[in-house]
Amino acid sequence: MAHINGQKRRTKSILLLIILFSMAGFAIAQQKPSKSAPAPKPAAAPRPAAAAKPAARPAAGASRPAANASRPGAPGGARPGTATPGKPGATTGARPGTAAATRPGTAGGTKPGASAGAKPGTSAAAKPGGAAGAKAGATTGAKGGAAANAKAGGGTAAGGKAAGASASKGAARPAGGTSKVTAKGNTHNFNASGKKVSVETKSGMTINHGAHGERRFETRRRDGTRVVGYGHGRGYAERGYYRGGHPYMRRSYYYGGHSYAYAYRGYYYGGNPYYGYVPAVYYGPAYYGWAYNPWPAPVAYGWGWGGSPWYGYYGGYFAPAPVYPYPALWLTDYLLAANLQAAYEAQAAAGALNVPATADGQPAWGGGGDEAPTTLTPELKEKIAQEIKMQIAEEKEAAAHPDPAASAPVSSTAPAGEKTGPDETPAALDPNHRIFVVSQVVSSTNPDSTECSLSPGDILSRVDDTPDADNNVKVLVASSQKNDCAVGSQVPVSLQDLQDMHNDFRAKISEGLGKLAENQGKNGIPKGPPAASKPNPAGQAQPDLTVADTLKAQEGEAGQAEKEVQDAASDGGG
């Protein structure tokens with residue numbers, strides 16, 4: 001019995017030892033690392049600090065546009081087709097205060113934890129084959145209305161880089177349209193209704209077709225010159241330079257067998273370069289005051305336009321005021337007449353003048369769209385006159401405080417450092433300036449996405465104070481001619497087109513002030529203080545003596561390209 005009890009005790013002891021050893025082994029096994037699922041190395045994870053650099057220095061993409069935003073003459077200036085996105089909010093072209101298109105709290109546009117927003121295998125958020133944020137195969141910066149770096153848009157500055165003087169003029173295919181490439185590499189673009197709207201030649205020329213039969217040729221030459229022609233020896237060539245460390249542009253015009261030139265000073269907005277007109281002369285303060293204030297009595301002035309073809313053509317759209325109580329209203333009619341006369345001559349040269357009356361019996365010059373004909377009303381002219389008075393006041397102030405750099409020598413070399421122009425809001429977005437007189441044919445779209453155009457002499461009222469993502473600004477069509485965008489409609493116009501209208505407005509007012517001075521004491525205009533004009537050094541620009549030959553050669557090349565496209569289409573090879 002004792003033997004049996006001892007055996008039971010030994011059995012229990014053995015079982016207890018087995019249990020203790022099992023528990024110890026299980027505890028040890030829990031402490032060993034698993035070989036089947038190694039932890040990721042810390043170095044493999046994206047490092048947010050690296051992506052945060054663009055956000056830490058917003059000036060690299062926004063406030064310092066010279067770094068990447070097509071600084072005139074700088075290596076960073078984008079030529080057509082280079083890697084420079086044109087949408088505001090992208091790395092170059094971001095609006096002021098943004099950091100390379102970043103969202104609040106993100107770094108360089110990236111999501112937290114991502115590496116510079118790039119997908120694996122891409123560069124700087126670009127799709128494969130894209131250019132720094134551009135869609136694959138897209139022309140960077142060529143979105144309709146992009147101010148700078150747009151294909152076939154933009155001005156030129158010293159060094160020959162694109163500089164955004166006239167963007168959004170390119171030959172981008174219209175929405176819903178088609179494009180065809182010929183055997184020789186030329187591309188012609190059609191809108192949704194099948195009408196040819198543009199041609200892009202293999203050599204780099206862009207040919208745009210306007211709604212009223214106009215043609216516009218644009219070429220960028222290797223020496224940096226940008227040439228824009230309208231056919232029949234009309235157009236301009238522009239090239240940049242520097243004065244006092246600031247970018248300027250000389251634009252040499254050739255019209256009616258005569259050449260002349262204007263100077264423009266460059267500056268930046270949202271990373272894009274723009275140019276503002278610089279007057280060639282300033283007048284004395286007393287003369288500016290006389291031109292600003294009312295005359296002692298209303299003036300009945302005879303313009304002598306009665307026998308002019310252009311005046312008869314636009315007779316139902318435009319009529320001079322019967323009397324002029326103040327100079328700004330006289331300048332208003334001078335401005336409008338100059339635009340309408342230029343438009344008439346352009347259409348006549350292109351063989352695109354409408355007959356005096358259309359098939360429906362309405363005058364060819366009448367109100368826009370399908371509306372009944374409208375005239376430039378006295379109320380609308382009054383608004384233009386108020387804009388002119390503000391312009392006179394601003395020019396008087398500028399004359400009293402000239403730019404110290406205006407007398408600096410001209411150079412074709414960019415100054416040291418990255419920044420060559422101030423960041424400032426373009427005059428076209430100044431809240432005090434809302435009325436615009438169209439000076440060149442501009443294409444736009446109606447709210448229903450159908451195309452429409454604006455012609456010289458049409459009047460716009462700016463609605464938006466800031467451009468949209470495509471750098472377009474919404475405007476209200478206050479007055480327009482038949483077949484143009486309808487009166488009362490709101491349509492987008494590129495910021496650069498608005499700035500060009502404002503530049504032309506300023507140039508014509510400056511000319512008009514000179515004409516007004518010549519007419520003092522004549523034809524009912526009262527005598528006033530002497531104009532006391534003096535040259536403005538910054539506004540001096542000598543025309544390029546070769547501009548006429550350049551425009552002639554460009555038109556010849558355009559004719560050959562158009563013929564090649566037509567031949568290819570007729571042979572079924574277009």
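The link of Cys452 and Cys485 is right-handed, with 85° about the S-S bond. Its S to S distance is 2.0 Å, and a disulfide here is a pair of cysteine sulfur atoms within 2.5 Å. By this rule the count comes to 1 disulfide. Cys452 lies in strand E15 (residues 451–454) and Cys485 in the loop between E17 and E18, so the pair ties together parts that are 33 residues apart in sequence. Strands (E, at least two residues) and helices (H or I, at least four) are DSSP runs, numbered from the N terminus.

This is a predicted model, in which local features need pLDDT of at least 70 and side-chain atom pairs count only at pLDDT 80 or more, while totals for chains, interfaces and linings use all residues. Residues are numbered from 1 along each chain as its sequence is written, and side-chain values use heavy atoms, with hydrogens and water left out.

Cys452 is buried at a relative accessible area of 10%, and Cys485 is buried at 1%. Buried means under 20% relative accessible area, exposed over 50%, and partly exposed in between (1.4 Å probe, protein chains only).

The loop between strand E17 (472–479) and strand E18 (490–494) also holds Asn483. Asn483 is not a glycine, yet its phi is positive, at about 75°. Most residues other than glycine have a negative phi. Asn483 is partly exposed, with a relative accessible area of 46%.

Asn523 also has a positive phi, near 50°, and is a residue other than glycine. Asn523 sits in the loop between helix H9 (495–518) and strand E19 (534–535). Its relative accessibility is 40%, so Asn523 counts as partly exposed.
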